[in-house]
Amino acid sequence: MQDLKLETFVPYQLSVTSNAISALIESQYSREFDLRMSEWRLMAILGEIDHATQSILVELTQMDKVTINRATKALSERKLIVRSPNYADGRSHLLALSETGKELYVKIVPMAIRIESKILKSLDEGERDQLMNILAKLKKAVPPV
């Protein structure tokens, strides 16, 4: 049997790195805006694409349906997102940032960019480009679940 060495096992290293970055970001967003990471991810997507169904959010975030459900419920209760009928598919609703959600989004984006810059400061521009290319290749190599 081949030995598994976690220090060189890419899935483990990606997971640990992702968890560390997510914990850093969530601590900032939680303290400043009372948002969980899953809630911010939904807001970030809705801030970029305007509106989406929960199933589209599952696909774009790769988070499970329960997490998406909880996050949309929390955001809805805080009036940060609004639901509207999805005329293309009556079984689902379209979710979008409310005016309050848009105002909060505009406040969070500069913080998100500062955190990213701080994390990526350890890489030069070429390494950042390589990282994005490598991540895109790895994502493409993973078959849909």
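Helices (H or I, at least four residues) and strands (E, at least two) are DSSP runs, numbered from the N terminus. The model is predicted: local features need pLDDT of at least 70, side-chain atom pairs count only at pLDDT 80 or more, and totals for chains, interfaces and linings use all residues. Residues are numbered from 1 along each chain as its sequence is written, and side-chain values use heavy atoms, with hydrogens and water left out.

The chain contains six helices and three strands. Their order along the sequence is α-α-β-α-α-β-β-α-α. The C-alpha trace spans about 50 × 35 × 25 Å along its principal axes. Of the 145 residues, 24% are buried (under 20% relative accessible area; exposed means over 50%, and partly exposed lies in between; 1.4 Å probe, protein chains only).

The three strands make an open sheet, ordered β1-β3-β2, with antiparallel pairing. Strands β1 (51-52) and β2 (81-85) are the edges; each has a single partner strand, so one side of each lacks a neighbour in the sheet. Two strands count as paired if DSSP finds at least two bridges between them. Five bridges link β2 with β3 (residues 93-97), and the two run antiparallel. Arg83 faces Leu95 of β3.

Two salt bridges were found in a search of the whole structure. The criterion is a side-chain nitrogen of Lys or Arg within 4 Å of a carboxyl oxygen of Asp or Glu. One joins Lys73 to Glu77, with the closest N and O atoms 3.8 Å apart. These residues are separated by about one helical turn, because they sit four residues apart in helix α4 (residues 65-77). Both Lys73 and Glu77 are exposed.

Glu99 and Lys102 also form a salt bridge, at 3.6 Å from N to O. Both belong to helix α5 (residues 99-120) and are three residues apart, about one turn of the helix. Glu99 is exposed, at 56% relative accessible area. Lys102 is partly exposed, at 37%.

A surface patch of negative charge comprises Asp124, Glu125, Glu127 and Asp129. Patch residues have over 30% relative accessible area and no salt bridge; like charges are joined within 9 Å, and nonpolar side chains (Val, Leu, Ile, Met, Phe, Trp, Tyr) within 5 Å. Asp and Glu count as negative, Lys and Arg as positive; His and the chain ends are not counted. Glu125 lies in helix α6 (residues 125-141). Glu125 is exposed, with a relative accessible area of 56%.

Note on methods:
Accessible areas come from the Shrake-Rupley method with a 1.4 Å probe; for residues, only the protein chains shown count as cover. The place of a charge is taken as NZ of Lys, CZ of Arg, CG of Asp or CD of Glu.
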